[in-house]
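Below is a short briefing on one structure. Please look over the sequence and the model before reading on.

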2 protein chains.
Amino acid sequence: MTAKRDTRIGRDEWIREALKLLLAEGIAGVRVEPLALRLKVTKGSFYWHFKDRAALHEAMLEHWRRIATRAIAERVDQAGGTPREKLRRLIGFGTSGVAPGTLETAMRGWARHDAGVAAAIAAADGERIAYVSGLLRALGIKPSVADVRARILYLALIGSYFSQVPTGRALWREIETLVS
Amino acid sequence: MTAKRDTRIGRDEWIREALKLLLAEGIAGVRVEPLALRLKVTKGSFYWHFKDRAALHEAMLEHWRRIATRAIAERVDQAGGTPREKLRRLIGFGTSGVAPGTLETAMRGWARHDAGVAAAIAAADGERIAYVSGLLRALGIKPSVADVRARILYLALIGSYFSQVPTGRALWREIETLVS
DNA sequence: TTTTCTCCATACGCCTGCGTATGGTTCATA
DNA sequence: TATGAACCATACGCAGGCGTATGGAGAAAA
């Protein structure tokens with residue numbers, strides 16, 4: 001008697017729970033039966049909503065594609081402000097809200113062993129850097145320089161997710177100074 | 001008849017091949033029987049050299065601990081030159097020889113799901129940054145600033161391993177300019 | 001109320017991988 | 001040349017995970 005549940009379940013529940021597992025154990029940990037156990041459901045449900053395990057992985061990637069791009073740019077823009085304020089807000093997001101041990105890092109770990117994921121990451125990286133570059137140009141930086149520095153800032157952000165380097169307020173202020 | 005081998009095998013062979021697999025498939029791919037297949041040997045050999053799978057993983061980590069630290073600093077130092085030349089050489093190593101799709105990234109992926117590995121990474125990061133900081137101080141940069149900029153440079157290097165951002169010669173020259 | 005459609009449970013066969021037990025080689029040493 | 005140690009092969013039991021087949025249960029429509 002392993003505790004049933006009253007409500008039924010949709011595709012989205014499976015995807016949501018799968019993403020949680022991706023965070024905790026990596027893509028190798030995203031397996032059907034442990035997932036079913038967490039959701040208090042059996043495999044019967046899974047194979048109703050998905051063709052197979054690969055289909056779930058594809059759905060996870062698709063989910064990420066939708067939320068990845070707008071996550072940064074829109075959240076920074078919708079609060080308005082000067083380009084300088086936006087830049088600071090963007091750095092703030094990178095260092096707290098959006099990412100540090102979340103989907104962002106999990107996806108990049110997955111990308112190392114899946115070409116499709118790597119392609120999605122590449123697309124997101126490209127869009128984000130274009131956005132950052134735009135911010136820097138709005139600060140009066142020459143386009144060719146702005147592009148390079150946008151990449152540098154972005155690299156440092158990504159690097160902070162995968163290193164054990166202490167990154168305090170002083171470090172991010174220094175980066176802001178250097179690139180702008 | 002799945003092709004035997006004439007020579008025998010030592011612990012090191014297992015570790016070497018395991019590291020290859022770590023690169024290709026991540027730590028989850030480092031399994032005993034597939035490994036034995038690659039080495040054209042049976043599990044019997046493995047369980048002679050190692051207590052269990054975890055023991056192999058520990059040996060892999062230990063191997064990395066030995067080669068990780070001296071990899072950067074020593075290779076940069078032994079060629080001599082001015083601090084400026086050393087800095088350029090270090091950046092060059094980071095972008096070609098030592099890392100891009102090698103152990104460095106694989107270990108960091110592993111670190112996300114193993115506290116022991118994360119600790120080893122943290123130690124290596126600390127030593128390397130101290131070295132870079134020393135280089136910058138030798139260029140006449142004030143110690144407090146040198147430390148922050150060393151971390152920034154290091155973050156960008158690590159970031160380049162995990163992003164799909166195009167990093168050309170111009171980018172690394174710009175970084176060098178910014179931090180020194 | 002019956003029928004139909006959606007969603008899930010149960011049970012099965014298969015494969016892969018872990019770890020153990022045990023016996024067989026090969027090589028050095030006495 | 002006999003003996004012991006180092007190294008490996010073979011065979012086993014077990015657990016966990018994948019995918020399928022089939023039969024409900026519950027709600028919605030007819």
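Helix α6 (residues 103-111) of chain A is mostly covered, with eight of its nine residues buried; a residue is buried if 20 or more other C-beta atoms lie within 10 Å of its own, exposed if 12 or fewer and partly exposed in between, with C-beta atoms placed from the backbone. The buried residues of α6(A) are A:L103, A:E104, A:A106, A:M107, A:R108, A:G109, A:W110 and A:A111. This is a predicted model, in which local features need pLDDT of at least 70 and side-chain atom pairs count only at pLDDT 80 or more, while totals for chains, interfaces and linings use all residues. Residues are numbered from 1 along each chain as its sequence is written, and chains are lettered from A and ligands numbered from 1 in the order in which they are written.

**Chain A**

- Chain A has nine helices and zero strands, where helices (H or I, at least four residues) and strands (E, at least two) are DSSP runs numbered from the N terminus.
- The C-alpha trace of chain A spans about 65 × 30 × 30 Å along its principal axes.
- Of the 180 residues of chain A, 35% count as buried.
- Among contacts in chain A with a separation of 6 or more, 58% join residues 24 or more positions apart; two residues are in contact if their C-beta atoms, placed from the backbone, lie within 7 Å.

**Contact between chains A and B**

- Chain A and chain B give 34 residues each to the contact.
- On the side of chain A that touches chain B, the elements giving two or more residues are α6, α7 (115-138), α8 (143-162) and α9 (169-179) of chain A.
- The most comes from α8(A), with twelve residues.
- By class, this side of chain A has 18 nonpolar, nine polar and seven charged residues; Ala, Val, Leu, Ile, Met, Phe, Trp, Tyr, Cys and Pro count as nonpolar, Asp, Glu, Lys and Arg as charged, and the others, Gly among them, as polar.

- The same surface serves both copies, as 100% of the contact residues of chain A recur in chain B.

**The α8 pair**

- The axes of α8(A) and helix α8 (residues 143-162) of chain B come within 6 Å and cross at roughly 80°.
- That makes α8(A) roughly perpendicular to α8(B).
- Residues of α8(A) that meet α8(B) include A:I152, A:L155, A:I158 and A:F162.
- The residues of this contact divide into twelve nonpolar, four polar and no charged.

**DNA strands**

- DNA strand C is surrounded by 18 residues, of which the closest are A:R8, A:I9, A:G44, B:R31 and B:V32; a residue is near a molecule or strand if its C-beta atom, placed from the backbone, lies within 6 Å of it.
- α3(A) gives the most to the surface near DNA strand C, with four residues.
- DNA strand D is surrounded by 19 residues, of which the closest are A:R31, A:V32, B:R8, B:I9 and B:G44.
- α3(B) gives the most to the surface near DNA strand D, with four residues.

Methods: Axes are lines fitted to C-alpha atoms, for helices over the stretch in contact, and angles run from 0 to 180 degrees between N-to-C directions. Angles under 35 degrees count as roughly parallel, over 145 as roughly antiparallel, 65 to 115 as roughly perpendicular and the rest as oblique.
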